Amino acid sequence: MNPLVCVAIAVGALVLGLVVGAWLARRRAVATPVGVAPSPGPPMADLLQRVFRSADEGLVVLNRGGEVVLHNARAVELGVVRLGRPDSRAAAVCQQVLESGASIAVDLSPLDHRGRQPAAVLAHVRPLGDGFTMVEAGDTSDAVRLEATRRDFVANVSHELKTPVGAVGLLAEAVLDAADDPVEVRRFGTKILNEATRLGNLVTELIALSRLTGAERLPEMGVVDVDEVVREALARSRLSAESAHIEIIVDSPTGLEVEGDLTLLVTALSNLVENAIAYSPPEASVSVSRRRAGEWVEIAVTDRGIGIAPEHQKRVFERFFRVDPARSRATGGTGLGLAIVKHVLANHGGEVRLWSSPGTGSTFTMRLPAHAEPDDESGADSAGSAPADLVRRPELPDRVG
């Protein structure tokens, strides 16, 4: 290459470097005010200390002698450190980790669960070298409760399915033994049909409950006419009421609207009506009423049956719980109806309330947020209605028809 060309390239590169350097210096001078030195930020040790203290897990560092060198507030909350001393189980595992050099998991759940203490604590102990170990503990109470609920649910489902399946098997054997007797065949065949219907209802409600508790995506909410919900629910329950000789009394249409899913709301209300019919004596009546209470719409179902004892009232919404198991089995109940009602209302931002008195009857009230029109300014209760937060037995509606 020509020497002159090489010199020209070198000079050009030098000039370009000077120009770029001057431009960067000018930008730095503009960004930093005169007389103010750029902040170097907190030292790395300070940042690590902040991370250690703000961690969601309980962190504890122990030395070779089992003494606490460093810990955060979360470790105290979880009970891993008490009065500056480590949990004896954690200290013992730390010695094992020092000897083996491998991480070990340890259960540090409180031996005497009290107050706001977590019910379950799981920790991992890791070696840090130079005779130090670190205990990393987390609150696993929610996971333990969920697993316990799952086990109970599976056990309950297995038991509930076993009963009708076993009954169908026994009845089928009875039919085979009475093959030459048409009367007995018809009697056992009817019982098989009843058990099969009960089994089908149980499976259907299990699927519905699974859907409501998050296994499937819920449908989009829309504006629902409360009068239509009542109309369809009563249509579903009409045959049960006629068979049990129960009169259903319903109030006049109100034109109220709520935000929700029509199918789910009809299912919830029909479950309440069916439940009221099942626990009412023959020739009794069941009342259905609706009203606006402030920002809520209430649909109440009242029966005059056996009522529910106070100690059972908080449990009636549990899966498979029955106040009267014999009556429930006689009527084909699954023990899931009220659990479905509870979850339907919860998914709609509402709730279900219960008033009951043994020997007098019960009132289940579905409370749903009212659909708010753009010009809806009616914040007060409907005329003559009690405050929404009062749980009481509502007045019986007038008979219709």
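Modeller: Because the model is predicted, local features need pLDDT of at least 70 and side-chain atom pairs count only at pLDDT 80 or more, while totals for chains, interfaces and linings use all residues. Residues are numbered from 1 along each chain as its sequence is written, and side-chain values use heavy atoms, with hydrogens and water left out.

Colleague: What makes the contact between Glu 77 and Arg 74 a salt bridge?

Modeller: A salt bridge requires a side-chain nitrogen of Lys or Arg within 4 Å of a carboxyl oxygen of Asp or Glu; the N to O distance for Glu 77 and Arg 74 is 2.9 Å, so this pair meets the definition.

Colleague: Why is Asp 87 called buried?

Modeller: Buried means under 20% relative accessible area, exposed over 50%, and partly exposed in between, with a 1.4 Å probe and protein chains only; Asp 87 has 8%, and is therefore buried. Its salt-bridge partner Arg 89, with closest N and O atoms 3.1 Å apart, has a relative accessible area of 24% and is therefore partly exposed.

Colleague: How do you know that Arg 290 and Asp 251 form a salt bridge, and what does the pair tie together?

Modeller: Their closest N and O atoms are 2.8 Å apart, which is within the 4 Å limit, so the pair qualifies. Arg 290 lies in strand E11 (residues 285-293) and Asp 251 in the loop between strand E9 (247-250) and strand E10 (257-260), so the pair ties together parts 39 residues apart in sequence; strands here are DSSP runs of at least two residues, numbered from the N terminus.

Terms used: Helices (H or I, at least four residues) and strands (E, at least two) are DSSP runs, numbered from the N terminus.
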